[in-house]
Amino acid sequence: MTRARQGQRQVVLELARASRVYGRAGSTVPALRDVDLVVTDGEFLTIVGPSGSGKSTCLNLLGCLDAPSEGEVFLCGRATSRLAPEDRAALRRDHIGFVLQSPNLIARMSALQNVELPLVYRGVDRVTRRARAQETLRAVGLGSRLTHAPDELSGGQQQRVAIARAIVAEPRILIADEPTGALDTVNSAAILNLLHELNGALGLTIVMVTHDPSIAERSPRVCVFRDGRLVADEVRGRRAHAG
Amino acid sequence: MLAESVRLALEALGRNALRSALTALGILIGVGAVITMIAIGQGASANVRDEIARLGSELLTVTVGQRRRGGQGASIAAGAFDYADVEAIRREVRGLRHVVPLASRPGRATARGVNWNVKVIGTESAYFLARGWALASGRTMTEDETYNGKPVCIIGETVRNRLFGGGDGVGQPLRVAGVACSVIGVLAPRGQSGAADDDDNVVAVPFDMFQRRIQGSPDIQGIVMTAYATASLERVKIALGGLLRERRGLGAGEADDFSLLDMRQVAQSMTAATQTLTLFLGAIAAVSLVVGGIGIMNIMLVSVTERTQEIGVRLTIGALPSQIRLQFLCEAVILTVAGGLLGIVAGLGAAAIAAPRLAVPFVTDPAVAAAALLVAAVLGIGFGYAPAVKAAALDPVEALRQR
């Protein structure tokens with residue numbers, strides 16, 4: 001697929017002059033200043049930058065985990081900055097999946113139960129959610145580890161479970177915050193392959209933060225942050241990848 | 001969603017089974033204490049009701065002096081009745097089956113060299129009919145004995161047991177308050193009535209003999225009556241009150257210097273007293289229930305803090321704040337309701353063990369159990385609400401950062 005990022009593609013996420021300031025009056029720390037960013041359907045966007053550059057703050061705004069101090073965040077065309085926490089959570093639930101640096105699986109629940117959990121909150125019945133969770137775990141290559149508890153799985157496997165959990169409800173967008181940060185090179189490459197696969201095969205929009213230049217290398221679009229500002233937005237041709 | 005929240009709550013509680021059990025224990029003890037106390041109190045009330053039923057609801061007594069309302073004792077001094085009053089009542093008040101004079105004082109009974117302190121009463125044989133009191137053996141007093149001061153007596157079960165042991169004592173000599181007489185009958189036991197007062201510790205002698213040889217005056221402190229029907233009691237009381245006021249020369253503005261009491265009044269005041277006792281015991285026990293509730297709140301707050309990161313994860317994978325709130329609320333309510341259910345069982349068990357030792361019947365009241373369970377659930381909601389709101393209000397970004 002070599003479709004270019006063009007006008008006919010739908011905008012799924014947009015930051016419009018978005019700023020985020022932390023702290024109370026008197027001692028405020030601006031984490032993000034006046035950022036404009038547009039993400040279209042099916043994109044694979046990588047955000048890089050040194051620590052404290054605002055990349056995680058930007059990701060939190062894009063993922064509707066946080067609201068901007070100024071400016072606006074649009075998710076599928078809807079302004080989100082003034083939503084009540086309950087409504088923002090509902091919007092997040094309907095459109096976004098999250099993968100974090102640590103898999104954050106819930107202990108003493110099997111891989112299958114962990115993956116089922118998002119469907120529980122969406123009111124999916126028991127039989128359907130079990131079937132979908134199994135199917136999703138098989139898709140990430142863990143068909144034989146369904147009943148394992150998190151502490152019986154390797155770091156790479158746990159992160160695969162986390163990815164399965166993020167996509168089981170079929171979100172449009174996947175937000176990934178340093179998904180390979182805690183993994184060794186081999187597992188790291190495998191997880192990255194999996195993300196590219198999901199992007200290519202399912203058309204899942206992916207926004208990923210990393211500080212590893214070799215990972216950013218593989219991304220068709222890279223945004224660079226420094227001191228809370230978006231300083232570079234490079235679009236390359238989509239590179240071929242395994243699978 | 002509620003079913004799922006209950007399931008998630010059970011899962012979370014199960015992951016901390018020991019702590020959950022200890023927290024529920026607080027509620028268990030609280031509910032158990034309330035149930036035990038109320039069961040004992042209701043047993044005492046049932047005792048009182050039985051007692052009154054046994055005395056008979058047609059019973060009416062008039063005594064000298066006026067008890068002030070609400071106060072104990074503190075009577076207004078007044079002259080005693082005499083036998084002319086008894087006869088006037090018999091003659092003029094309609095609707096009365098028995099009208100019996102009653103005088104009494106404490107005294108010592110001696111038989112076979114054994115001394116025993118008893119209540120000596122001077123009365124007529126109709127007294128036992130009025131009070132529905134049967135004889136276990138022997139006979140009651142004849143008219144001749146009653147009015148000609150024959151030295152005979154009828155003894156209660158306690159007296160018989162103390163002075164005659166295994167024998168029935170009928171025909172035996174007995175000295176009572178310094179007067180030698182012979183035992184002609186033994187009263188059937190009435191059983192323990194409440195606390196100190198033992199109805200069976202009594203020696204009854206003919207009225208005439210009591211006045212002349214024991215009391216030394218013609219005074220009568222009380223008159224015991226029974227009406228033919230409970231329904232006519234009010235009318236009888238009015239007639240009786242009018243007659244006694246007239247005989248005692250009370251003017252229109254003067255208060256009664258005698259007290260008319262029927263068993264309904266006694267029943268009401270005694271029932272009120274035991275109900276107050278029950279409420280009081282229940283209230284003391286309820287304090288421990290509140291302490292249990294605070295325990296729930298404490299643990300739920302700790303739990304929210306501990307599980308902050310987990311809550312953050314749940315918020316990122318699709319949980320709504322309202323769902324988080326419901327889950328924590330469910331956890332609190334499950335703890336209190338489980339504690340409450342076990343508390344009801346434990347409380348009833350404790351009451352079943354304690355009741356016979358306190359000489360009260362073991363009474364179970366499903367309404368109290370239901371109320372206790374309801375209170376437990378309300379406690380769960382009440383004390384679980386603040387922690388649940390705290391959990392739901394967590395900022396997902398902050399929560400995820402927590403380790």
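Biologist: How many Å apart do the C-alpha centres of domain 1 and domain 2 of chain B lie?
Modeller: This is a predicted model, in which local features need pLDDT of at least 70 and side-chain atom pairs count only at pLDDT 80 or more, while totals for chains, interfaces and linings use all residues. Residues are numbered from 1 along each chain as its sequence is written, and chains are lettered from A and ligands numbered from 1 in the order in which they are written. Chain B is divided into domain 1 (2–51 + 273–401) and domain 2 (100–228), with bounds from an automatic or database domain assignment. The distance between the C-alpha centres of these two domains of chain B is 56 Å.

Biologist: What radius of gyration does chain B have?
Modeller: The C-alpha atoms of chain B fill a box of roughly 105 × 55 × 30 Å along the principal axes. The radius of gyration is taken over C-alpha atoms, and the globule rule is 2.2 Å times the number of residues to the power 0.38. For a compact globule of 403 residues the value would be near 22 Å, but for chain B it is 32 Å.

Biologist: Which element gives the most residues to the side of chain A that touches chain B?
Modeller: Counting residues as in contact if their C-beta atoms, placed from the backbone, lie within 7 Å, 21 residues of chain A meet 17 residues of chain B. On the chain A side, the elements giving two or more residues are helix H2 (85–95) and helix H3 (111–121); helices (H or I, at least four residues) and strands (E, at least two) are DSSP runs, numbered from the N terminus. With five residues, the element that gives the most is H2(A).

Biologist: Which strands are the edge strands of the open sheet in chain A?
Modeller: Four strands of chain A form this sheet in the order S2-S1-S4-S5, with antiparallel pairing; two strands pair if DSSP finds at least two bridges between them. Each edge strand pairs on one side only, and the two are strand S2 (29–40) and strand S5 (78–79) of chain A.

Biologist: What is the bridge partner of A:Glu14 in S4(A)?
Modeller: Strand S1 (residues 11–22) and strand S4 (residues 70–75) of chain A pair in the antiparallel sense over five bridges. In S4(A), the partner of A:Glu14 is A:Phe74.

Note on methods:
Two residues are in contact if their C-beta atoms, placed from the backbone, lie within 7 Å.
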